[in-house]
Amino acid sequence: MTLDDYNAFCKSLTGTTHVVQWGGSHVWKVGGKIFAISELGTGPDKAEPGQDGSVAIAFKCADMSYRMLTELPGIIPAPYLARAKWVRVEPDAEFGDDDRKTYMAEAHRIISAKLTKKLQAELGLI
């Protein structure tokens with residue numbers, strides 16, 4: 001998934017906002033809470049884009065998904081966020097765009113469910 005594909009998909013989800021922070025990470029939030037991060041750049045916690053222009057993506061998971069996904073090649077516990085059940089899908093992981101979108105949509109749902117009912121209504125989530 002390229003950065004443009006990632007941003008377009010996250011933008012299509014209800015009530016989302018986007019910010020670039022932490023040295024170039026594209027961070028998507030719902031109700032002010034982060035549900036997905038795409039990383040660019042170099043360094044120990046950054047990934048170079050894949051050969052096809054794909055980028056590393058981190059997202060929140062349900063407990064069972066976290067255990068299952070972290071057993072797959074190219075998917076690791078997300079640095080700094082693993083204790084909260086976040087995974088990082090490396091740029092060249094054999095994990096299709098449809099799967100990435102499914103899990104990002106689920107991350108959006110998980111985070112949205114933690115918002116107050118009032119905020120959920122304001123954002124058009126309920």
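Analyst: The helix contact and the core

In helix α1, D5, Y6, F9 and C10 meet D97, K101, M104 and A105 of helix α3. Contact means heavy atoms within 4.5 Å. The residues of this contact divide into five nonpolar, no polar and three charged. Here Ala, Val, Leu, Ile, Met, Phe, Trp, Tyr, Cys and Pro count as nonpolar, Asp, Glu, Lys and Arg as charged, and the others, including Gly, as polar.

This is a predicted model: local features need pLDDT of at least 70, side-chain atom pairs count only at pLDDT 80 or more, and totals for chains, interfaces and linings use all residues. Residues are numbered from 1 along each chain as its sequence is written, and side-chain values use heavy atoms, with hydrogens and water left out.

Now the geometry. Helix α1 spans residues 3-12 and helix α3 spans residues 97-113. Helices (H or I, at least four residues) and strands (E, at least two) are DSSP runs, numbered from the N terminus. The two helices pack at an angle of about 40 degrees, with axes 11 Å apart. Axes are lines fitted to C-alpha atoms, for helices over the stretch in contact, and angles run from 0 to 180 degrees between N-to-C directions. The crossing of α1 and α3 is right-handed: the near helix is turned clockwise from the far one by less than a right angle.

Next, the core. The largest nonpolar core has 26 residues. Such a core is a set of buried Ala, Val, Leu, Ile, Met, Phe, Trp, Tyr and Cys residues joined through side-chain atoms within 4.5 Å. Buried means under 20% relative accessible area, exposed over 50%, partly exposed in between (1.4 Å probe, protein chains only). Y6, F35, F59, L69 and M104 have the most contacts inside this core. Among the elements that give it two or more residues are α1, α3, β3 (33-39) and β4 (56-60).

Follow F59. A36 stands opposite F59 in β4. Strands β3 and β4 run antiparallel, joined by four bridges. Two strands pair if DSSP finds at least two bridges between them. Strand β3 is mostly covered, with five of its seven residues buried. Five bridges also join β3 to β2, again antiparallel.
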